[in-house]
Amino acid sequence: MRHATLRTFKALSLALSLALACTAPSHAADPEPPMQAARVTPNTYYVQGLSQLGSPKNQNFISNAGFVVTPTGVVVVDALGSPRLAERLSGAIRQITPLPITHVIVTHYHADHIYGLQHFKDQGAQIVAHRSALAYIQSDTAKLRLEASRTDLAPWIDDKTRIVDADLWIDGPTSFKVGGVVFEVDHVGPSHTPEDLIVYVPSERVLFAGDLFFNGRLPFVGMADSSQWIRSLERVLAFDTAAVVPGHGAVSSEPRKDIGLTRDYLKHLRSTMARAVEDFVPFEEAYATTDWSAFASTPMFNFANRMNAYNTYLLLEQEALGKGR
Ligand SMILES: [Zn+2]
């Protein structure tokens, strides 16, 4: 009797675990990463991406986007890293206003800021960007990156995801009005990218700095012109602002203090790698002997620092060659 009960119990347990295993995929489906529009100034909001690498789990929500609500329409800055995220950003905007999204200003054409563009384009928004981005859009790098993302970020990036051109390519400082609100758009590249734009809204005293400014985490340097980037940060600081919205990390009401991390890090990269290049020290040795302690506990250090240092080393080698060394 006892054996029979035990067998029955074991059989039931097995049946239950099989049933759970069969239903597991729907239970295990990842919840969408939270997205909350935070108010920055009376008519300006932003959503803050996660301090992570892009993944299917986070839908590539690793960068910020902002928006300004004017009396006649909404102007969005950056489109986030997948069409699904852009759709969710639209939903967040709809919680605040029924007004149409008239423009999306693209601070630069890095994947995590632009893969959502097609959503806004399909809604009728005008896309605004700097003309220097065309070289990237037409490059094999952009095609290969998108191709890789279709695998790495599936299902959020798929065969329908496309890189969207701007409707309005700007060449230099430009300002326009929506609902009487002035948007001043300025080209500050080549810094983080050749096409970097910053967007200033005087009536809100708010500045969108794009990826010139990473707040509270290490920046991705990539193929950036870091000396120009350091100079451009001074231009960011020259604006009269109540708030500066970075490309990554939390909004800042104390930009002079918060931008210090990006600036000091870039300076440290340049000075240490310049010394190595000057002394013909191979990169591996230079990297191993550099003191990184001031930045080692900063979020994203482990993901980004080595690549940042390597790219900076290559850049400084080129700069040295350019000086005729
Ligand atoms: Zn970027």
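Reply: The largest nonpolar core holds 79 residues, and Val76, Ala79, Val104, Val106, Ile198 and Val199 touch the most other members. Helix α8 (residues 255-278) gives the most to this core, with eight residues. A nonpolar core here is a set of buried Ala, Val, Leu, Ile, Met, Phe, Trp, Tyr and Cys residues joined through C-beta atoms within 7 Å. Buried means 20 or more other C-beta atoms within 10 Å of the residue's own; exposed means 12 or fewer, and partly exposed is in between, with C-beta atoms placed from the backbone.

The model is predicted: local features need pLDDT of at least 70, side-chain atom pairs count only at pLDDT 80 or more, and totals for chains, interfaces and linings use all residues. Residues are numbered from 1 along each chain as its sequence is written.

Start at Val76. Leaving aside neighbours within four places in sequence, Val76 is in contact with Ala65, Phe67, Ile101, Val104 and Phe120. Contact means C-beta atoms, placed from the backbone, within 7 Å.

Val76 belongs to strand β4 (residues 74-77), and both faces of this strand are covered. Val74 and Val76 are buried on one side, Val75 and Val77 on the other. In a regular strand the side chains alternate between the two faces of the sheet. Strands (E, at least two residues) and helices (H or I, at least four) are DSSP runs, numbered from the N terminus.

Now the partners. Strand β3 (residues 65-69) runs antiparallel to β4, joined by four bridges. Val69 has Val74 as its bridge partner in β4, and Val68 stands opposite Val75. Two strands count as paired if DSSP finds at least two bridges between them.

How does the chain get from β4 to β5? Helix α2 (residues 83-94) lies in the unit: β4, α2 and β5 make a right-handed β-α-β unit. Right-handed means that, with the strands pointing away from the viewer, the path from the first strand over the helix to the second runs clockwise.

Look at α2 itself. Its 12 residues reach 16 Å from first C-alpha to last, close to the 16 Å expected at 1.5 Å a residue. The expected span is 1.5 Å times one less than the number of residues. Pro83, Arg84, Leu85, Ala86, Arg88, Leu89 and Ile93 of α2 are buried. The cover over these buried residues includes β2 (44-47), β3, β4, β5 and α4 (117-122). Helix α6 (residues 140-152) makes a contrast: one of its 13 residues is buried, so to say hardly any cover.

Step back to the sheet. Seven strands form an open sheet in the order β1-β2-β3-β4-β5-β6-β7, with mixed pairing. β1 (38-41) and β7 are the edges; each has a single partner strand, so one side of each has no neighbour in the sheet. From one strand to the next, the twist averages 25°. Axes are lines fitted to C-alpha atoms, for helices over the stretch in contact, and angles run from 0 to 180 degrees between N-to-C directions.

Pro173 is exposed, because 9 other C-beta atoms lie within 10 Å. Pro173 touches Asp186 and His187, not counting residues up to four places away in sequence.

A second open sheet has five strands in the order β8-β9-β10-β11-β12, again with mixed pairing. Its edge strands are β8 (174-178) and β12 (243-248), each pairing on one side only. Strand β11 (residues 206-214) pairs with β12 in the parallel sense over five bridges. Phe214 stands opposite His248 in β12. Helix α7 (residues 226-237) lies across β10 (197-201), β11 and β12, at about 160° to β11.

Last, the whole chain. There are 10 helices and 12 strands. Of 325 residues, 42% count as buried. Among contacts between residues at least 6 apart in sequence, 67% join residues at least 24 apart. The C-alpha atoms fill a box of roughly 90 × 60 × 40 Å along the principal axes.

How values were computed. Contact = placed C-beta atoms within 7 Å.
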